[in-house]
Amino acid sequence: MNAEQTRNPKPETQNDFLPINGTDYVEFYVGNAKQAAHYYQTAFGFQPLAYAGLETGLKDRASYVIRQDKITFVLTTALTPESPVADHCKLHGDGVKVVALWVDDARKSYEETVKRGARSYSEPRAEKDELGEVVTAGIHTYGETVHLFVERRNYNGIFMPGYIAWEPLYQPEDVGLLYVDHMVGNVGWNEMDVWAKFYADVMGFRQLISFDDKDISTEYTALMSKVMANDNFRIKFPINEPAHGKKKSQIEEYIDFYHGPGVQHVAMATKNIIETVTMLRDRGVEFLRVPDTYYNTVLDRVGEIDESLTPLRELGILVDRDDEGYLLQIFTKPVEDRPTLFYEIIQRKGAKSFGKGNFKALFESIELEQESRGTL
Ligand code: FE2
């Protein structure tokens, strides 16, 4: 299996036991949520939305909710050493704890997935205030990561009961990020098929694409990946595992530093990647660079594109094409000191794939970073 394997799933909407409207929010457990919120506002253009902490009656944690168009992040930190948030940060560093999924019926989502073998994280619970109720229920996925089903059709508040509006004076402009395109999980050796099967059997997802180590390898390092998607394709979870190469796979490096499986990157969509990446760069976001020679041949590979090559080259934006169109993408360096979580900025112009044509150039550039960290 050397070629990209694509399956075209038939619509099976009436059989979908887990209808999902989209990503509800992504919650990060971090060492200092106040400072992380400032970083995501300043660097990534997120807007302040809501807050919960000591002032709202919480004793062990504080959370800042920030939003950019359809992307909502929650940044949570521990207020006491006994808080489970503190344990999470001690082991993993800053990282994604909750990938919350927006559903119409959280109780049914929980029952259907637990019945199919999901491990319960939190039983269905309705939280109420004067603006209505939000029902949540959670299941475990890879590592210490959790999927929380969020039902908010009977709620009119800004985020959830228990949160107050957060309206700081400091509100930098957004950068045009629109929605979460996909979120990638890194799992351990021989675990990719286990978790692909979990998403298929427990959550009713289907495999869109698989890449083996021949697709995703350089002279030195390799990985494998399967992309799982829900029925309406709004949720796409590629699952990566390390593969053997002459040197250490970037997935293994992640697992070593994160101390287990976890979210590797969140891809966020924009409708103008040149504008968005220019703003991100000017605000201090650091991106991976491929060798400049990439741009000498890219148009031979992908054909005609709407954008001029000059800004793409200047910013380091990559291009790839599939049967349905093309895409533009770029990857940040890790956004914390451990080489773990990073971001992808993506603009799709018809393409529904993930940039396979860029893997080799990209991984060679990651190897240079690994080398500088002494982890290759
Ligand atoms: Fe990606």
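User: What should I know before I start?
Analyst: The model is predicted, so local features need pLDDT of at least 70 and side-chain atom pairs count only at pLDDT 80 or more, while totals for chains, interfaces and linings use all residues. Residues are numbered from 1 along each chain as its sequence is written, and side-chain values use heavy atoms, with hydrogens and water left out.

User: Which residues are the protein donors of the iron ion?
Analyst: His 182 (NE2), His 265 (NE2) and Glu 344 (OE). They lie 2.0 to 2.2 Å from the iron ion. Donors are N, O and S atoms within 2.8 Å of the metal (3.2 Å for Na, K and Ca); water is not among the atoms, so sites may look incomplete.

User: What spacing do the donors follow along the chain?
Analyst: H-x82-H-x78-E. His 265 is in strand β15 (residues 262–270) and Glu 344 is in strand β18 (residues 342–349), so this pair ties together parts 79 residues apart in sequence. Strands (E, at least two residues) and helices (H or I, at least four) are DSSP runs, numbered from the N terminus.

User: Are His 265 and Glu 344 buried or exposed?
Analyst: Both are buried. That means under 20% relative accessible area; exposed is over 50%, and partly exposed is in between (1.4 Å probe, protein chains only).

User: New topic. How many cavities of 30 Å³ or more are there?
Analyst: Three, from a search of the whole structure. A cavity is a set of points, on a 1 Å grid over the protein atoms alone, where a 1.4 Å probe fits but cannot get out; lining residues have an atom within 4 Å of a point.

User: What is the volume of the largest cavity?
Analyst: About 240 Å³. A volume is the space filled by probe spheres set on the points, which are joined across faces, edges and corners. Of its 21 lining residues, the closest to the centre include His 265 and Phe 359.

User: Which element gives the most to that lining?
Analyst: α9, with four residues.

User: And the second largest cavity?
Analyst: It holds about 180 Å³ of space. Its lining has 16 residues, and Gln 250 and Arg 373 are among the closest to its centre. The largest share of this lining, four residues, comes from α5.

User: Last one. How do β2 and β5 run?
Analyst: Strand β2 (residues 22–29) and strand β5 (residues 71–78) run parallel, joined by four bridges. Val 26 stands opposite Phe 73 in β5.

Technical notes. On a 1 Å grid over the protein atoms alone, a cavity is a set of points where a 1.4 Å probe fits but cannot get out, and a pocket is an open set with protein on both sides within 12 Å along at least five of seven lines; lining residues have an atom within 4 Å of a point. Two strands pair if DSSP finds at least two bridges between them.
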